Protein chains: 2
Amino acid sequence: MNRVYNFSAGPSVLPVSVLEKVKSEMMNYGQSGMSVMEMSHRSSVYQEIINKTEASLRDIMEIPENYKVLFLGGGASTQFAMIPMNLMKNNKIDIVNTGAWTKKAISEARRFVEVNIVASSEDENFTYIPELDNSKFSPDADYFHMATNNTIYGTRFTKIPDTKGVDIVADMSSNILSEVYDVSKFGLIFAGAQKNMGPAGVTIVIIRDDLIGHAGDGVPTMMNYKTHADKGSMFNTPPTFPIYVCGLVFEWIKSLGGVSGIQKINEEKAGILYNYLDESELFSGIVKKKDRSLMNVPFVTGDADIDAQFIKEAGKIGLINIKGHRSLGGMRASIYNAMPVDGVKTLVGFMKEFEAAR
Amino acid sequence: MNRVYNFSAGPSVLPVSVLEKVKSEMMNYGQSGMSVMEMSHRSSVYQEIINKTEASLRDIMEIPENYKVLFLGGGASTQFAMIPMNLMKNNKIDIVNTGAWTKKAISEARRFVEVNIVASSEDENFTYIPELDNSKFSPDADYFHMATNNTIYGTRFTKIPDTKGVDIVADMSSNILSEVYDVSKFGLIFAGAQKNMGPAGVTIVIIRDDLIGHAGDGVPTMMNYKTHADKGSMFNTPPTFPIYVCGLVFEWIKSLGGVSGIQKINEEKAGILYNYLDESELFSGIVKKKDRSLMNVPFVTGDADIDAQFIKEAGKIGLINIKGHRSLGGMRASIYNAMPVDGVKTLVGFMKEFEAAR
């Protein structure tokens, strides 16, 4: 079959068993006589699919009953506008700036509200998570925005800040379902599907009930959370096929012991790679150890030519998409949930060979 | 395999050859070693897919060079807001109201602009296309909005109105690629994919260059056509897999002689069904003959119990999703491009049997 190990930052690797299932159901899902792609979103067979997808996500994330789960189109980038448009009351928000994605959130929120940056790691090119000083928080902020994991720089928050009652909005696009989070600590969680959940084209929003229903008249119908919450994500035709694949991924996570089960596997995978980076004389990580991501691991040799040679040779043996983000150079291995332990072992094995041969 | 004939109004039937191709490429697209769902949208292999998809659409629709093709998320419903947000200058638009979808466009546009309804067929429950009186048009309208085909009521415009230089915005969600249109007659064409192009989750916008770049600062980045036009629909991660399937559908249309080729097949299919409706003593169409859709064919017996019995018995032999829209009752057969001629013949054969048995 010649599958590669795909270290892409997103869209990214999916579980082989999920792809096999999608393939087996392509011409005829269950007894329906049609592909999921061909199903009316109003049909009972599709309603069962989306119901089951939501139930599985609620199960593995232990989402409390007073939170809605929305399946939306438009990508996580659309959320950077939807969140302030729906949640603004005092027209002021707090945010911690940990890289490109929070920068986009900042510039988009500024169209609508005053943005207070409580901390930033831009001084060291976002290679660490800044300490948060509570005295810089706005007690009357509409919400506090953070990205739990930064895809580009490979940092993550290892604890959720105490915001003294201000609702936390978390961009979990690159690490949702990779480790256990207590949903009740957040007002709103959002994540594009294409890293840890499924194909690009659906964004999942988990929002506490009381945050829904405050959008003004100038907010487009499709940008209002209430539109989608009131209709179970069926106000219009949702991205039906991507939702179906997400449901299969959620079931796969369940089969591995849920999020806590997959977290152990993720810690094992990340440990293999970071341990080697710490002992290697050629390769090194770029992020402060305490802030290292379980999902995205940027590393460098310090020599752009050697980096390029490494990337090229790795590609030849099926270790794909390990070129670093253009803003950092070097390499990045994204080791999302669906990356097998063997993929990381193969990568580290090759890094050792490459280092030994020099 | 037990595939059914799926007359769903959308999402809807796809060509079997396209589904077979998707299935065959599920584990490993080309020599990539991965599924299309797993590909980075920034990879050269995916760039080729989206480039080819756009080129195929340009080819079969003969889209002039001064038009951009955008692949967007959020569904056609999002366009009801994006269009006025991007195109408004004089803050006034004209629209012809032919049913549920133009009504939604009207109420959404009213958030932003003054809306002048130049004609409506609401007086007869949208079962005809109203005559247009040019004297009711606003010479300073920002654009004229129409839906070329109405999915629910089964009507279609057989000619494009002369708007005296005002740009026409056309919702072609339910009949794009079903018959030949001269793109140069329109300022903007939009269509959700899930009827005649591919899976739900991607909306195609075809927009003349000079209409791009006029959105104000209050317009969210993701709602601004310029954002997507400047980046070839790659500002953020587009719905990669739905776009890939659309590309295969465009190739399939090419193989049938392009849009003019498939138009002939559509006229044949619609003719078979309408001819029988005209001669039947049990079943009748509900739309004025001159305004009949090639894509959506609502029909009734005049007796709700008989309708229900017909729908039930049709379902038993694999003629699926022919229940009419709740606002009309009766039956509706959506016979999109991918519905084979044999599907329509089988339906009409069963209608004849059902009628004869009474």
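**Figure 1. Ile206(B) sits in strand β10 of chain B, which spans residues 203-208.** The model is predicted; local features need pLDDT of at least 70, side-chain atom pairs count only at pLDDT 80 or more, and totals for chains, interfaces and linings use all residues. Residues are numbered from 1 along each chain as its sequence is written, chains are lettered from A and ligands numbered from 1 in the order in which they are written, and side-chain values use heavy atoms, with hydrogens and water left out. Strands (E, at least two residues) and helices (H or I, at least four) are DSSP runs, numbered from the N terminus. Is Ile206(B) buried or exposed? Ile206(B) is buried, at a relative accessible area of 1%. Buried means under 20% relative accessible area, exposed over 50%, and partly exposed in between (1.4 Å probe, protein chains only). Contact means heavy atoms within 4.5 Å. Leaving aside neighbours within four places in sequence, Ile206(B) has contacts that include Met61(B), Ile63(B), Tyr67(B), Lys68(B) and Val69(B). Val183(B), Gly187(B), Leu188(B) and Ile189(B) are also among the contacts of Ile206(B). Phe71(B) is 135 residues away along the chain, and its C-alpha atom is 9.1 Å from that of Ile206(B).

**Figure 2. Asn266(B) lies in helix α7 of chain B, residues 258-279.** Asn266(B) has 0% relative accessibility, so it counts as buried. Which side chain makes a polar contact with the side chain of Asn266(B)? The partner is Asn337(B), at 2.8 Å. A polar contact is a pair of N or O atoms within 3.5 Å; within protein, one must be able to donate a hydrogen and the other to accept it, and residues adjacent in sequence count only if both atoms are side-chain atoms. Not counting residues up to four places away in sequence, Asn266(B) touches residues including Ser178(B), Leu294(B) and Met295(B). Ile335(B) and Tyr336(B) are also among them.

**Figure 3. Asn337(A) is placed in the loop between β14 (331-334) and α9 (341-356) of chain A.** Its relative accessibility is 4%, so Asn337(A) counts as buried. A polar atom of the Asn337(A) side chain lies 2.9 Å from the backbone oxygen of Leu177(A). Residues up to four places away in sequence aside, Asn337(A) touches Ile176(A), Leu177(A), Ser178(A) and Asn196(A), among others. Its contacts also include Trp252(A), Ile253(A), Ile262(A), Asn266(A), Lys269(A) and Met295(A). Asp94(A) is 243 residues away along the chain; the two C-alpha atoms are separated by 30 Å.

**Figure 4. Thr148(B) occupies the loop between β5 (144-147) and β6 (149-150) of chain B.** Thr148(B) is buried, with a relative accessible area of 0%. Its side chain joins that of Asn175(B) in a polar contact of 2.7 Å. With residues up to four places away in sequence left out, Thr148(B) touches Thr155(B), Arg156(B), Phe157(B) and Ile160(B), among others. Ala170(B), Asp171(B), Met172(B) and Tyr181(B) are also among its contacts.

**Figure 5. Helix α4 of chain B, residues 100-109, has buried residues.** They are Thr102(B), Ala105(B), Ile106(B), Glu108(B) and Ala109(B). What covers the buried residues of α4(B)? The cover includes α3 (75-87), β3 (92-97), β4 (114-120) and β5 of chain B.

**Figure 6. A cis peptide bond runs from Gly10(A) to Pro11(A).** Omega there is near -10°. Pro11(A) lies in the loop between β1 (5-6) and α1 (16-24) of chain A. In chain B, the bond joining Gly10(B) and Pro11(B) is cis, with omega about -10°. Pro11(B) is in the loop between β1 (5-6) and α1 (16-24) of chain B. Most peptide bonds are trans, and most residues other than glycine have a negative phi.

Figure 7. Phi is near 60° for Asn91(B), a residue other than glycine. Asn91(B) is found in the loop between α3 and β3 of chain B. Its relative accessibility is 38%, so Asn91(B) counts as partly exposed. Ser233(B), also not a glycine, has a phi of about 65°. Its place is the loop between α5 (225-230) and α6 (240-255) of chain B. Ser233(B) is buried, at a relative accessible area of 2%.
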